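Subject: Structure handover

Hello,

Here is the structure for you to look at. Please open it first, then read my notes below.

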Amino acid sequence: MKTLITFLIALILSFTVSAVNDDSSLKANFTTGDPGVTSINSMTFGPEGILFIGDSKSAQIIAIDVSKDPKVDNSKVKIDHLDKLIADMLGTTIDQVQITDMAVNPENKNIYISVHHGSGTPVLLRVENNNLKQIGLASISHSKTTIKDPINKEVKDKWDRELRKWAVADMKYTSGKVLLSGLSNKEFASTFRSLDFPFTEKQNYGSLEIYHAAHGKYETHAPIKTFIPTKIKGKSHIVAAYTCTPLVVFPMDDIKPGQNNKGRTVAELGSGNSPLDIIEVKSGETRYLLIANTNRPLMRMDFSHLETFEKSLTQPVTIKGATEGVAYVNMPFVNVQQLDAYGEDGFLMIQRESSGNLTLKHGSSWWIQK
């Protein structure tokens, strides 16, 4: 009997150790030190409290471990004059502060905000009890990889603006892979990448081609500004938003590395605008897409309308600012600069209010209830 008990204890311990090892496997190759973050253009969370940072300036993706950050109750978060708070914290003025992204850890709902200082220094902040705490990046547990063939630093657009910041336009983690959109130095510059995580030397990427209804032509140079991996009729897809503002779906199985991949344009959301963030939220069993924009209110799209729309836009939308394709609803939130999901049925935003106040707050769930 004693032998049996001893065996059972050993068996349980072996499973426990195995589980611990499995849980920590994603961070097995992490080292503690300075990852050399030179810019923070995009952020997204993976499992185990891993925050991925897209650093366009150095063309690298950095995974940092923030799992030991204490859990904070952000259910009633509300920070007014956010830009002034950040500027005062950094000992500078508002005009020297640019908020580049916001990410909510889905495991504990901790909130992280990335900032570029006018000096060029990237700063990572965590919201703590309606205040901000700076996360030190000089010595942190991390892993990183370099992006292959990023757009060259010298390349500029027709308005003489540097395009290197679009080396990483947006980034998401799903099923053991880091997906990222951006520009490469290839002929067809718009690129979608899939990186295995933990990072390896392998990098799959291909160029993207879409029909841009507001421009009336097929294009291969504009990057996906923001995207989300999701399921459409049970199959994995990317729903992607571009500037001026086509909404495009790409079946994941159809995105082939080293090839020119065509997407299906399902909506034109109005020219003269650039999307900033796209998230998925739920109300009961109903799914919605929310899209934040530079020159449009926050948009809500019923996912069932997206799933039943089987056409592809292939004709120009000639009326300035007109829309076509899958319908959406304008929500009463304008000047939403950053957006992320807060649980399955909530969302968090950084919004410039009509008074000029830049505020971090929850969006009212009333607008996504049936």
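How many bridges join β21 to strand β22, and do they run parallel or antiparallel? Eight bridges join β21 to β22 (residues 286-293), and the two strands run antiparallel.

Before the rest, some ground rules. This is a predicted model, in which local features need pLDDT of at least 70 and side-chain atom pairs count only at pLDDT 80 or more, while totals for chains, interfaces and linings use all residues. Residues are numbered from 1 along each chain as its sequence is written, and side-chain values use heavy atoms, with hydrogens and water left out.

Strands here are DSSP runs of E with at least two residues, numbered from the N terminus. Two strands pair if DSSP finds at least two bridges between them. Strands of a sheet pair through backbone hydrogen bonds, either parallel or antiparallel.

β21 and β22 belong to an open sheet of four strands. The order is β21-β22-β23-β25, and the pairing is antiparallel. β21 (275-283) and β25 (329-330) stand at the edges. Each has a single partner strand, so one side of each is left without a neighbour in the sheet.

Ser271 is in the loop between β20 (264-268) and β21. Contact means heavy atoms within 4.5 Å. Not counting residues up to four places away in sequence, Ser271 touches Ala214, Cys244, Thr245, Arg296, Lys320 and Gly321. Take Thr245: Ser271 and Thr245 are 26 residues apart in sequence, but their C-alpha atoms are 5.7 Å apart in space. Now take Gly321: its backbone nitrogen lies 2.9 Å from a polar atom of the Ser271 side chain.

Buried means under 20% relative accessible area, exposed over 50%, and partly exposed in between (1.4 Å probe, protein chains only). Five of the seven residues of β16 (residues 226-232) are buried, so this strand is largely enclosed by the rest of the structure. Seven bridges join β16 to β17 (residues 235-241), and these strands run antiparallel. Thr230 has His237 in β17 as its bridge partner. The hairpin has two residues between the strands, and Lys233 takes a positive phi near 55° there.

Beyond four places in sequence, Lys231 touches Ser236, Arg287, Phe303 and Glu307. The side chains of Lys231 and Ser236 make a polar contact of 3.2 Å. A polar contact is a pair of N or O atoms within 3.5 Å; within protein, one must be able to donate a hydrogen and the other to accept it, and residues adjacent in sequence count only if both atoms are side-chain atoms.

**A buried lysine**

Compare Lys361, in strand β28 (residues 358-362). Lys361 is buried, with a relative accessible area of 15%. Which side chain does the Lys361 side chain meet in a polar contact? The partner is Glu353, at 3.0 Å. Leaving aside neighbours within four places in sequence, the contacts of Lys361 include Val77, Lys78 and Leu348.

**Backbone points to check**

- Phe197 and Pro198 are joined by a cis peptide bond, with omega about 5°. Pro198 is in the loop between β13 (190-196) and β14 (203-212).
- Glu48 is not a glycine, yet its phi is positive, near 60°. Glu48 is in the loop between β2 (42-45) and β3 (50-55), and at 18% relative accessibility it counts as buried.
- Ala59 also has a positive phi, near 50°. Ala59 is in the loop between β3 and β4 (60-65), and it counts as buried at 3% relative accessibility.

Write back with any questions.

Best wishes
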